[in-house]
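Biologist: I have a structure open and would like to learn how to read its features. Could you walk me through it?

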Amino acid sequence: MNNFVIAGNWKMNTNIETTISIIKNVAEQVDQLNEVKSTIVICPPFTNIYVAVQEAKKSKHNLHVGAQNCHFEESGAFTGEISLDMIKSLNCDYVIVGHSERRAYFNETNADINKKLKAVLKNNLKVILCIGETLEDRQSHKTFDVLETQLNGCLQDIVENDMKNIIIAYEPVWAIGTGVSAKTEEIEEAHNWLRNYCEKKYANAGKTVALLYGGSLNDKNAPEILNVSNVNGGLIGGASLVPEKFVSIIKTAESLSK
Ligand code: PEP
């Protein structure tokens, strides 16, 4: 298995000034480490990506910058939307698709997400695909049916060779932004299920695809969560906005890397 992926999703937070100061602070702390094996990705709002990339470049390590969303069309009459050509020209290399907030508040369907995912790959960028069940799904014992439907829909037409550019983030909706993460047993069960799904569908590529956990992951619970089998990193919301917490999670990942 590859090393950990530690990705921060800033959501609709920060401006130019705070973007520079957070990344500067993260870079200064990370630069004190001689070697960084983890892949670090920071996903600010679109308007801050340009300065984020400029600031991230100053680090001696490779700090990646990603977008939180994209439109699947190349260009045209889609007022307010952002194309992958625009994202690519900012020199960022990851795009999150299918975040539960986009599914819930912007009615994104698995079919929409599949179109976005294919467009990201066509533009030679990497995808962080989010999936996860709601509390209602979990309580009615539908977790794995929901995950399977999401994966089948979002990964439609995706072949083994594409998987090297895809990361899957398991984010139980009920754990996002609540301050209460899923229990390690729940995470382990879901990640083992996911690994099994990926291996069955994508053979060798399924064995190595990074499976991130997301949902109130922070500096305190990272040692336990990142140690769960088949957890290859984290997608972090709230704690990624606080440099000390984000760097602490990175350091945990480093200490667990082989
Ligand atoms: C997220 O936004 O993907 C997320 C996991 O948020 P938080 O860490 O705040 O729960």
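Modeller: Helices (H or I, at least four residues) and strands (E, at least two) are DSSP runs, numbered from the N terminus. This is a predicted model, where local features need pLDDT of at least 70 and side-chain atom pairs count only at pLDDT 80 or more, while totals for chains, interfaces and linings use all residues. Residues are numbered from 1 along each chain as its sequence is written, and side-chain values use heavy atoms, with hydrogens and water left out.

Biologist: Which residues does asparagine 3 touch, not counting those up to four places away in sequence?

Modeller: Contact means heavy atoms within 4.5 Å. By that test asparagine 3 touches Lys37, Ser38, Asn232, Ser257 and Lys258. Its relative accessibility is 31%, so asparagine 3 counts as partly exposed; the classes are buried (under 20% relative accessible area), exposed (over 50%) and partly exposed in between, with a 1.4 Å probe and protein chains only. From aspartate 31, 28 residues away along the chain, the C-alpha of asparagine 3 is separated by 18 Å.

Biologist: How do I read a salt bridge, and how many are found in the whole structure?

Modeller: Side chains of opposite charge can pair when their charged atoms come close. The criterion is a side-chain nitrogen of Lys or Arg within 4 Å of a carboxyl oxygen of Asp or Glu. A search of the whole structure gives 10 salt bridges. One of them joins glutamate 28 to lysine 24, with the closest N and O atoms 3.6 Å apart.

Biologist: Where do glutamate 28 and lysine 24 lie relative to one another in helix H1?

Modeller: An α-helix has 3.6 residues a turn, so residues three or four places apart point the same way. Here, glutamate 28 and lysine 24 are 4 residues apart in helix H1 (residues 16–30), which means about one helical turn separates them. Glutamate 28 is partly exposed at 45% relative accessible area, and lysine 24 is partly exposed at 41%.

Biologist: Are glutamate 108 and arginine 102 buried or exposed?

Modeller: Both are buried. Glutamate 108 and arginine 102 form a salt bridge whose closest N and O atoms are 2.7 Å apart, and a network of salt bridges links Arg102, Glu108 and Lys116. Elsewhere, aspartate 219 pairs with lysine 220 at 3.3 Å between the closest N and O atoms, and lysine 220 is exposed, with a relative accessible area of 68%.

Biologist: What should I look for in a helix such as H10?

Modeller: Try its span: the expected value is 1.5 Å times one less than its number of residues. Helix H10 (residues 243–256) has 14 residues and reaches 20 Å from first C-alpha to last, close to the 20 Å expected. Among its buried residues are Phe246, Ile249 and Ile250. The buried residues of H10 pack against strand S1 (5–9), H1, strand S2 (39–43), helix H9 (222–225) and strand S8 (233–236).

Biologist: And what covers the buried residues of H2?

Modeller: The cover includes H1 and strand S3 (63–67). In helix H2 (residues 46–56), the buried residues include Ile49, Val51 and Val53.
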